[in-house]
Amino acid sequence: MADELLYEVSDGVATLTLNRPDQRNALNGELLAALVDATRTVRDDDAVRALVLTGAGDKVFCAGADLGGFAADAPLVDKHFASDLFLEFFRLMPRLGKPSLCAVNGHVLAGGMGLALSCDLVIAKEGATFGTPEINVGAFPYMIMAIIYRNVPRKKVNEMMLLGERLSAEQAVEFGLANKAVPAGEFDAAVADWAGKLAAKSPVLMRLGHDAMYRQQDMALDDALEFLRSQLSLTFTTEDIVEGVSAFFEKRDPQWKGR
């Protein structure tokens with residue numbers, strides 16, 4: 001992986017760390033390319049059962065896109081195609097087939113909000129803030145709008161985007177941007193606890209369920225119900241559901257086979 005992104009695997013958990021702390025982990029082309037490549041590696045590596053996304057340092061998770069790129073003297077078409085990396089990451093995450101957890105170690109701003117909300121779960125460190133300040137610099141959060149509106153009540157999103165003001169970690173939990181906020185001294189342990197629990201689940205059932213979560217969300221109700229029934233029937237064919245139920249009744253930990 002590029003120096004801009006750190007990649008580590010331990011006990012079935014792949015940790016991806018945005019590694020530009022001096023630039024507030026702002027997203028340039030190199031970092032985005034490395035992030036997309038690493039996400040594909042996570043998807044394709046059977047030894048990885050869960051993903052954790054975090055940022056280097058203790059103040060900022062990600063400040064969004066590197067603003068230098070907006071003012072750069074480059075052809076407009078080049079800037080347009082550079083945004084493909086954002087789209088690729090946003091499309092990859094629902095199709096990861098594995099659970100993801102964003103460890104929000106600091107402020108989450110602009111495009112960084114899109115990265116965080118693309119993860120299935122978000123744990124925020126107390127003191128972190130969440131915001132879409134693009135309007136304050138003469139821009140707008142176009143690239144992440146679709147992601148935010150699928151996570152947060154519409155009027156609150158309108159408020160965030162139009163005023164450009166920040167929410168606290170506690171407010172982020174209240175309005176659905178994060179699952180929980182924890183004190184700094186408990187942050188690493190809370191992330192490790194949830195990551196370990198995610199990695200301990202049946203990989204085949206997690207993949208089936210994870211895929212279903214995202215595929216059904218934009219379907220019409222009848223279509224969603226029929227699709228989910230087919231996924232339930234497919235689940236009945238797996239060895240892991242038999243193992244899981246047997247382990248429950250025998251009061252022991254399941255030994256997943258991943259099939």
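Let me start with strands β6, residues 107-109, and β8, residues 129-131: they run parallel and are joined by 2 bridges. Strands here are DSSP runs of E of at least two residues, helices are runs of H or I of at least four, and both are numbered from the N terminus. Two strands count as paired if DSSP finds at least two bridges between them. Within this pair, Val 108 has Phe 130 in β8 as its bridge partner.

This is a predicted model, so local features need pLDDT of at least 70 and side-chain atom pairs count only at pLDDT 80 or more, while totals for chains, interfaces and linings use all residues. Residues are numbered from 1 along each chain as its sequence is written, and side-chain values use heavy atoms, with hydrogens and water left out.

Back to the sheet. The order is β4-β6-β8-β9, an open sheet of 4 strands with mixed pairing. At the edges sit β4 (60-62) and β9 (166-168), each pairing on one side only. From one strand to the next, the twist averages 20°. Helix α5, residues 111-118, packs on this sheet and touches β4, β6 and β8; contact means heavy atoms within 4.5 Å. The direction of α5 makes about 105° with that of β6. For angles, axes are lines fitted to C-alpha atoms, for helices over the stretch in contact, and values run from 0 to 180 degrees between N-to-C directions.

Next, a helix pair. The axes of α1 and α4 (residues 84-92) come within 9 Å and cross at roughly 25°. The two are therefore roughly parallel, the cut-off being under 35 degrees. Residues of α1 that meet α4 include Leu 32, Leu 35 and Val 36, and on the α4 side Phe 86 and Phe 89 are among them.

Now a single residue. Is Arg 20 buried or exposed? Arg 20 counts as buried, because its relative accessibility is 12%; buried is under 20%, exposed over 50%, and partly exposed in between, with a 1.4 Å probe and protein chains only. Arg 20 lies in the loop between β2 (13-18) and α1 (29-44). A polar atom of its side chain is 2.8 Å from the backbone oxygen of Ala 26. The Arg 20 side chain also makes a polar contact with the side chain of Asp 66, at 3.4 Å. A polar contact is a pair of N or O atoms within 3.5 Å; within protein, one must be able to donate a hydrogen and the other to accept it, and residues adjacent in sequence count only if both atoms are side-chain atoms.

Last, Val 13, in strand β2, is buried at 11% relative accessibility.

Technical notes:
Parallel < 35°, antiparallel > 145°, perpendicular 65-115°, else oblique.
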